[in-house]
Amino acid sequence: MSMSTDEYLYSFFIFINFFNVLEVLAISNKELQINEEIRDKELRVIDVDGTQLGMLSANEALKIAFEKNLDLVKIAPQAQPPVCRVMDYGKFCFEQAKREKEARKNQKIVEIKEIRMFSNIDTNDFNTKVNQALKFLKGGDKIKVSIRFRKRAIAHPELGNELLDRFKDNCLEAGVVEKPAKMEGRSLVMFISPKATK
């Protein structure tokens, strides 16, 4: 049985693209089916430039994709019939990874900075801690203010509450209290987050 020129070219394209498919499969996430993975009888096919090619069988759609040296990708498997698009799948994966990387780069990672004080802190030391907190808040970080009680000072937690109230009042320009003061062991802790910028 001899093969016609079209059949020979078709089988040659399948052979050549087999290696491209293996390369693309390594990149691809298993969500999208491409080329020979598509087993549906009828497909709605969209061309590279976005024009509708209509309802085609999987073999006809594959032949069109291979003639253009591109891939057939199932983009809407839940549709009835499934929608496939002729595209360069490697380029599609690259652009998608690039978009995800750009989105991750634009995210702001909020750190929690801790400011520790003792219940009997001096005025100048207190002002230094407030200035440091304001710098952190303006930088977009949350702060955890903790007041440690030494020895018998734990018997007077109201001193710590007064100190935290003063600290909160001094930080009002750059931050808001996220969690009010609460005892954790021998420490009184309060969280302040930066004000949302408009």
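Visitor: Before we start, what counts as a polar contact here?
Guide: A pair of N or O atoms within 3.5 Å; within protein, one must be able to donate a hydrogen and the other to accept it, and residues adjacent in sequence count only if both atoms are side-chain atoms. This is a predicted model: local features need pLDDT of at least 70, side-chain atom pairs count only at pLDDT 80 or more, and totals for chains, interfaces and linings use all residues. Residues are numbered from 1 along each chain as its sequence is written, and side-chain values use heavy atoms, without hydrogens and water.

Visitor: OK, Asp 71. Which backbone nitrogen lies 3.1 Å from a polar atom of its side chain?
Guide: That of Tyr 89.

Visitor: Is Asp 71 buried or exposed?
Guide: Buried, because its relative accessibility is 10%. The cut-offs are under 20% for buried, over 50% for exposed and partly exposed in between, with a 1.4 Å probe and protein chains only.

Visitor: And what does Asp 71 touch?
Guide: Leaving out residues up to four places away in sequence, its contacts include Asn 35, Ala 65, Arg 85 and Tyr 89. Contact means heavy atoms within 4.5 Å.

Visitor: Switching to helices. At what angle do H4 and H5 pack?
Guide: About 45°, with axes 10 Å apart. They are therefore oblique to each other. Oblique is what remains after under 35 degrees (roughly parallel), over 145 (roughly antiparallel) and 65 to 115 (roughly perpendicular).

Visitor: Which residues make the contact?
Guide: Among them, Phe 126 and Val 130 of H4, and Leu 163 and Phe 167 of H5.

How values were computed
Axes are lines fitted to C-alpha atoms, for helices over the stretch in contact, and angles run from 0 to 180 degrees between N-to-C directions. Helices (H or I, at least four residues) and strands (E, at least two) are DSSP runs, numbered from the N terminus.
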